[in-house]
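Keep the picture open as you read.

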Amino acid sequence: MKTRQFLKLLFISLISIVLLAACGSNDDSSGGSGKNVLESVKESNTMVFGVKNDTRLFGLKNPSTGEIEGFDIDIANEIAKGILGDEANVEFKEVTSKTRIPLLQNGEIDAIIATMTITDERKEQVDFSDVYFEAGQALLVKKGSPIQKIDDITSSTKVLAVKGSTSADNIRELTDAQVLEFENYSEAFTALKAGQGDVLTTDNSILYGMASEDSNYEVVGGTFTDEPYGIAVKKGQTELLNEINRVLEEIRENGTYDEIYNKWFGEME
């Protein structure tokens with residue numbers, strides 16, 4: 001009798017576990033990634049973006065106002081306005097190439113808009129919006145440098161890059177140079193100006209910002225990769241991704257995107 005009672009209780013327990021698992025699966029409307037972020041954004045009436053604070057033209061803190069300014073910031077404002085009705089309902093949290101995905105995964109931010117290149121490797125960790133900016137990797141050198149293109153880089157060349165960036169990976173694949181990695185673009189550019197390296201590499205859009213900051217430096221050699229930027233959300237957050245893509249399409253159609261682009265890059269072309 002005791003054996004039968006034990007087996008009966010075991011069977012009931014197993015059935016309960018299966019039913020609970022099924023309920024949890026049915027309640028998850030976010031594609032298996034936990035809470036529905038779009039619903040949370042609308043409930044809080046706030047959307048939190050991970051952005052760069054050190055990237056001129058895209059996301060740079062203005063020391064006089066304390067506000068972060070740039071192309072990414074303006075696009076994020078338009079997305080918040082398109083989803084929540086007011087760009088005032090947006091918050092920005094500083095990220096780096098190294099920290100942006102972990103901060104997204106642990107829920108500290110709702111989306112990443114931080115000069116983030118769409119790659120197959122990153123698609124395994126996050127879902128990307130449509131391309132919102134077309135960039136390409138290039139080289140920044142001090143004027144008069146013998147390095148004018150990627151073919152000029154040798155095994156004795158010290159190339160500066162940022163940790164966690166596709167640029168560091170690309171330069172290792174394309175050259176046998178020494179690669180020194182820094183936490184962010186500001187540190188990398190400071191190192192270049194201090195003579196710790198011969199050339200700094202990242203997307204041309206970011207390098208143009210550095211060159212505009214210090215006329216002793218220039219972008220050379222054109223681009224040698226395609227680096228399309230996307231806005232990243234947690235995997236499975238299809239509803240939020242669809243809303244972001246909807247707003248991106250709207251601002252392209254109504255001319256807002258061109259206005260923002262020309263505001264930040266019009267003089268570069």
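## Ground rules

Buried means under 20% relative accessible area, exposed means over 50%, and partly exposed is in between (1.4 Å probe, protein chains only). Helices (H or I, at least four residues) and strands (E, at least two) are DSSP runs, numbered from the N terminus.

This is a predicted model, where local features need pLDDT of at least 70 and side-chain atom pairs count only at pLDDT 80 or more, while totals for chains, interfaces and linings use all residues. Residues are numbered from 1 along each chain as its sequence is written, and side-chain values use heavy atoms, with hydrogens and water left out.

## Helix α3

Let's begin with α3, which has 14 residues and reaches 20 Å from its first C-alpha to its last, close to the 20 Å expected at 1.5 Å a residue. (That expected span is 1.5 Å times one less than the number of residues.) Twelve of the 14 residues are buried, so α3 is largely enclosed by the rest of the structure. Among the buried ones are F71, I73, I75, N77, I79 and L84.

N77 counts as buried because its relative accessibility is 12%. Which residues does N77 contact, leaving aside its neighbours within four places in sequence? They're E87, V90 and F92, where contact means heavy atoms within 4.5 Å.

## Rings that pair up

The structure holds 16 aromatic pairs. Rings of Phe, Tyr and Trp (its six-membered ring) pair if their centres lie within 6.5 Å; planes under 30 degrees apart count as stacked, over 60 as edge-to-face and the rest as tilted. F71 and F133 make an edge-to-face pair, 5.4 Å centre to centre with 65 degrees between the planes. This pair links distant parts of the chain: F71 is in α3 and F133 in strand β8 (residues 133-135), 62 residues apart. F71 is buried at 0% relative accessibility, and F133 is buried too, at 5%.

Y257 and Y261 are stacked, at 6.4 Å centre to centre and 25 degrees between the planes. They're four residues apart in helix α10 (residues 256-265), so about one helical turn separates them. Y257 is buried at 8%, whereas Y261 is partly exposed at 21%.

## A cluster and some charges

F71, F133, Y257 and Y261 belong to one aromatic cluster, along with F58, Y132, Y229 and F265.

R252 lies over the face of Y257, 4.2 Å from the ring centre. Likewise, K193 lies over the face of F189, at 4.4 Å. A charge sits over a ring if NZ of Lys or CZ of Arg is within 6 Å of the ring centre and within 35 degrees of the ring normal.
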